[in-house]
Amino acid sequence: RRATRLVYAMLSRLGGALRAQAAVALRPTRLPTQQLRRGFRMTVSLRTDSPLAADADASGGTPLPSAPAFAEDGALPLAPAVVDDGEMLSGLMRDRLHKSQNEDTIELFARHRASSPQLLEVRHWNYMLTAMENARSSSAEIGAMVAQMRDSGLTPNENSWLPAIRACLNGPAPVGDRDAALGLHAQMKAIDGIEPIADELNAVLMELHVRAGDFDAAKTLQQALMAGQMSRYRAAYTLLMAYAKQNAISEFAAQLAQMRADRQQPRAMDMRMVLKLMVSRRSVEGTMAVMDAMLAVNDAFEPMPPLVLLANAGAFDAKPAEAERLLRACVPLIRTTHYYTKDRLHVLERLLPLLGEPALKIRVINVLAMQGSMNKDVFSAITEMSQTCGIEAADDAFSALEQLLARGERVSVHAVNAVVSMCAQQKDLDRAVEIFQSIEATFSLKPSIGSHKALLLAPK
């Protein structure tokens with residue numbers, strides 16, 4: 001009967017989905033009003049050589065705008081090749097930048113520079129310079145465009161120079177790129193009279209010093225920033241991020257220790273950003289250093305991304321003692337509400353045998369059970385734990401499940417069954433029955449077949 005009900009439910013959902021798709025397919029295609037207005041505005045301005053403009057001049061009236069152009073599928077209005085409004089051009093270039101359409105942004109700027117140079121403002125040049133940086137143009141190429149911007153009668157601002165200086169981070173020669181960036185930095189002040197104050201620009205210069213191996217210059221810049229408008233904490237954290245981005249692990253650890261000595265412990269949010277950076281760059285040593293630093297001060301973070309990196313990079317084979325220590329410290333941070341992919345669940349299954357304490361193993365088992373990833377390896381780990389662990393270990397595992405429940409997390413009946421099996425295998429049937437009864441009384445769950453089997457298979 002249960003199977004029949006499930007089949008009926010699935011068929012009902014399938015029928016509803018098919019009816020919804022049919023309704024969408026038969027519904028007339030209608031564009032949102034905002035899109036229609038945007039397409040209308042793009043085509044309002046007419047060129048003097050257009051037929052409508054000629055008709056208007058002959059009649060002495062105001063020309064009517066042409067209908068907006070649509071794509072072949074009729075979904076969205078096509079943007080015109082050239083617009084006559086600076087605000088609209090800014091929106092078009094900004095939209096392409098957000099979509100990482102760097103070549104389109106550069107081409108759009110070039111068309112308007114050729115046809116309507118008087119329309120271009122500093123912001124349009126800055127969008128184009130940013131697109132050149134994203135397209136991996138060299139610092140010299142971007143600097144040449146800044147010079148052309150100045151020749152056009154516009155004065156570059158700090159955001160105009162920033163892409164050229166940032167591009168030095170992608171150059172082939174760390175020392176030469178650093179010197180080139182310092183040259184551009186000097187031109188800002190000498191030619192355009194710009195005194196750089198943006199945190200991002202100073203952070204790039206500091207990172208260039210670290211990339212070139214000139215740590216003394218980076219520290220000197222930090223001291224200059226602290227003497228200026230930047231706070232002591234922000235200047236110290238900027239140097240810390242520079243070390244992290246260039247994978248200078250020893251200097252990173254020393255800077256972190258210095259910040260702690262100066263009572264400038266990095267905020268948890270800032271350290272999570274550093275950890276995310278290390279994981280994205282697949283720096284095993286950096287990831288382990290940041291994890292160690294955060295665990296030392298009880299900063300919370302999502303442990304699965306760094307654990308997946310360590311497992312896939314072979315850290316548990318290369319540095320087993322340190323990696324397993326971090327693993328045991330991270331297990332209490334694992335939540336059943338975190339996002340789990342198959343890769344993450346597979347890593348948890350691989351790391352399960354490395355956890356010696358049943359209180360830690362039961363947390364991982366609970367996550368795997370809640371995600372429906374109970375395979376033979378997990379059941380083998382439960383069997384081994386039941387046969388080798390004592391009754392005290394079973395009590396610790398049960399306390400861990402109670403802690404999960406107390407902080408609002410869901411507990412799987414499979415995890416409770418594992419604790420029942422541990423007590424039953426140690427021939428403490430009274431305790432096994434007590435935990436069996438807690439399945440309903442404490443965790444508000446229904447006993448499964450495995451719950452009864454855990455009691456019935458107890459050794460005599």
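**View 1. The buried residues of helix α24 pack against α22 (391-406), α23 (413-425) and α25 (449-456).** Packing here rests on contact, meaning heavy atoms within 4.5 Å, and helices are DSSP runs (H or I, at least four residues) numbered from the N terminus. This is a predicted model, in which local features need pLDDT of at least 70 and side-chain atom pairs count only at pLDDT 80 or more, while totals for chains, interfaces and linings use all residues. Residues are numbered from 1 along each chain as its sequence is written, and side-chain values use heavy atoms, with hydrogens and water left out. The buried residues of α24 are Arg-431, Ala-432, Ile-435, Phe-436, Ser-438 and Ile-439, where buried means under 20% relative accessible area, exposed over 50% and partly exposed in between (1.4 Å probe, protein chains only). Because these residues cover an arc of only 155 degrees around the axis, they lie on the same side of α24; the arc is that of the directions from the helix axis to the C-beta atoms. On the face turned away from this buried side, α24 carries the exposed residues Asp-430, Gln-437, Glu-440 and Ala-441.

**View 2. Helix α9 (residues 174-190) packs with helix α10 (residues 199-211) at an angle of about 150 degrees, their axes being 8 Å apart.** This angle makes α9 roughly antiparallel to α10, since angles under 35 degrees count as roughly parallel, over 145 as roughly antiparallel, 65 to 115 as roughly perpendicular and the rest as oblique. The axes are lines fitted to C-alpha atoms, for helices over the stretch in contact, and angles run from 0 to 180 degrees between N-to-C directions. Among the residues making the contact are Leu-182 and His-185 of α9, together with Leu-205 and Leu-208 of α10.

**View 3. Helix α6 (residues 122-134) and helix α7 (residues 139-151) pack at an angle of about 170 degrees, with axes 10 Å apart.** That angle makes α6 roughly antiparallel to α7. The residues in contact include Trp-125 and Leu-129 of α6, and Ile-142 and Met-145 of α7.

**View 4. In helix α18 (residues 320-330), the residues Ala-323, Leu-326, Leu-327 and Cys-330 are buried.** They cover an arc of only 105 degrees around the axis, which puts them on the same side of α18. The elements covering these buried residues include α15 (284-296), α16 (304-312), α17 (315-318) and α19 (342-351).

**View 5. Thr-287 is found in helix α15.** Thr-287 counts as buried because its relative accessibility is 0%. Leaving aside neighbours within four places in sequence, Thr-287 is in contact with Leu-275, Met-278, Val-279, Pro-306 and Leu-309.

Conventions: Helices (H or I, at least four residues) and strands (E, at least two) are DSSP runs, numbered from the N terminus.
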